Amino acid sequence: MWLYLAALLGLYFVFRWYRERQTVPNLPDKYVLITGCDSGFGNKVARQLDQRGLRVLAACLTQKGAEQLKEATSQRLQTVILDVTNRESVAAMAQWVKEKVGNGGLWGLVNNAGIGMPMAPNEWLTLDDFMKVINVNLVGVIDVTLGLIPLVRKARGRIVNVASAAGRLASVGGGYCISKFGVEAFSDSLRRDLYSFGVKVSIIEPGSFKTSITNREVLKANLEEIWRHLSSEVKESYGDEFFKNYCTKFDAMIGMMKANLSPVTDSIEHGLTAVHPRTRYSAGWEVKCIAIPLSYIPTILADYILTKF
């Protein structure tokens, strides 16, 4: 009996391997828009897809970021300045994309732009602190997607949304985890909405990676700044020991982050170029071995583990 089960399991993995290796034809004719290409995942995947021969439309927040990316890529890659929190900027970008792609539509949309700070215990933050992150990571994703859905639908293409392991398991206070939970929900509903049109929607759930939003010095300085401006009542309630322990845990978490971004960018590439992309990509061993298991165990146990370790 066990031999049959092992054989069936082996056949399943062989079939899955073969299925996932099938690539969409005519990639050099397909346009892909990526947000947040100044640095991090967006910058690397823009270069990666350009090397694959796709027609990359890279949205950068700054002119400097756009120029540096152009210098590192082929003439196929084109850039546009985009602030995902600005409705006029998003509308102008959508019109620009429409003119670039023509009647063929937009094959791929990668919603990657995001920020992390401020991160801290929720009581230490203001509503504006929450909204600063949510406006980029969630509202910006929705606005960009709504503006480009008709073009993606025309191409029967792909939408790839970069969420996070923190979209499964809230590990820190502030707007970051909230926004990533929202990206997961938006992606799920979007996938079901567009299923009948042949559009496929994938979610990328990165673990701990070193990008511009996880710079150790910047995060540490931001946390110290938040603590300095707290009221004396809040400081006394939490105490200096709590703050020191929180900073130590935060620093340890940052120290575990990996510089190699390929697990994430390879997942994005697969979501855009595979005939049968996955619904979710868990990028990083800590997502598969820690975040996902913790998200399924009883909440009281997950709470204990996250607060004690």
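User: Quick one on this predicted model. Where does L8 lie?

Analyst: L8 lies in helix 1, residues 2-20. Keep in mind that the whole model is predicted.

User: Is L8 buried or exposed?

Analyst: Exposed. L8 has 56% relative accessibility, and the cut-off for exposed is over 50%.

User: Switching to helix 5. How many residues does helix 5 have, and how far does it reach?

Analyst: Helix 5 covers residues 127-155, which is 29 residues. From first C-alpha to last it reaches 40 Å, close to the expected 42 Å.

User: Where is the kink in helix 5?

Analyst: At L148, about 50°, shortly before the proline P150.

User: And what follows helix 5?

Analyst: R156, with a positive phi near 50°.

User: Salt bridges next. How many are there?

Analyst: The count is ten. One of them pairs R87 with D143, with the closest N and O atoms 3.2 Å apart. R87 is in helix 4 and D143 in helix 5, so the bridge ties together parts 56 residues apart in sequence.

User: Which of those two ends is covered? Start with D143: buried or exposed?

Analyst: D143 is buried, at 16% relative accessible area. R87 is exposed, at 60%.

User: What about D50? Which side chain does D50 meet?

Analyst: R76, in a salt bridge at 3.5 Å, N to O. D50 sits in helix 2, while R76 is in the loop between helix 3 and strand 3, 26 residues apart. D50 is buried at 4%. R76 is partly exposed at 34%.

User: And R168, what is the partner there?

Analyst: E205, with the closest N and O atoms 2.8 Å apart. R168 is in the loop between strand 5 and helix 6, and E205 is in strand 6, so parts 37 residues apart in sequence are tied together. E205 is buried, with 0% relative accessible area. R168 is partly exposed at 22%.

User: Which residues are in the network with R168 and E205?

Analyst: E184, D188, R191 and R280.

User: Last thing, helix 9. How many of its residues are buried?

Analyst: Nine of twelve, so helix 9 is mostly covered. Among the buried ones are V264, I268, H270 and L272. Helix 9 spans residues 262-273 and reaches 16 Å, close to the 16 Å expected.

Methods. Residues are numbered from 1 along each chain as its sequence is written. This is a predicted model: local features need pLDDT of at least 70, side-chain atom pairs count only at pLDDT 80 or more; totals for chains, interfaces and linings use all residues. Side-chain values use heavy atoms; hydrogens and water are left out. Helices (H or I, at least four residues) and strands (E, at least two) are DSSP runs, numbered from the N terminus. Buried means under 20% relative accessible area, exposed over 50%, partly exposed in between (1.4 Å probe, protein chains only). The expected span of a helix is 1.5 Å times one less than its number of residues. The bend at a residue is the angle between axes fitted to the seven residues ending there and the seven starting there. A salt bridge is a side-chain nitrogen of Lys or Arg within 4 Å of a carboxyl oxygen of Asp or Glu.
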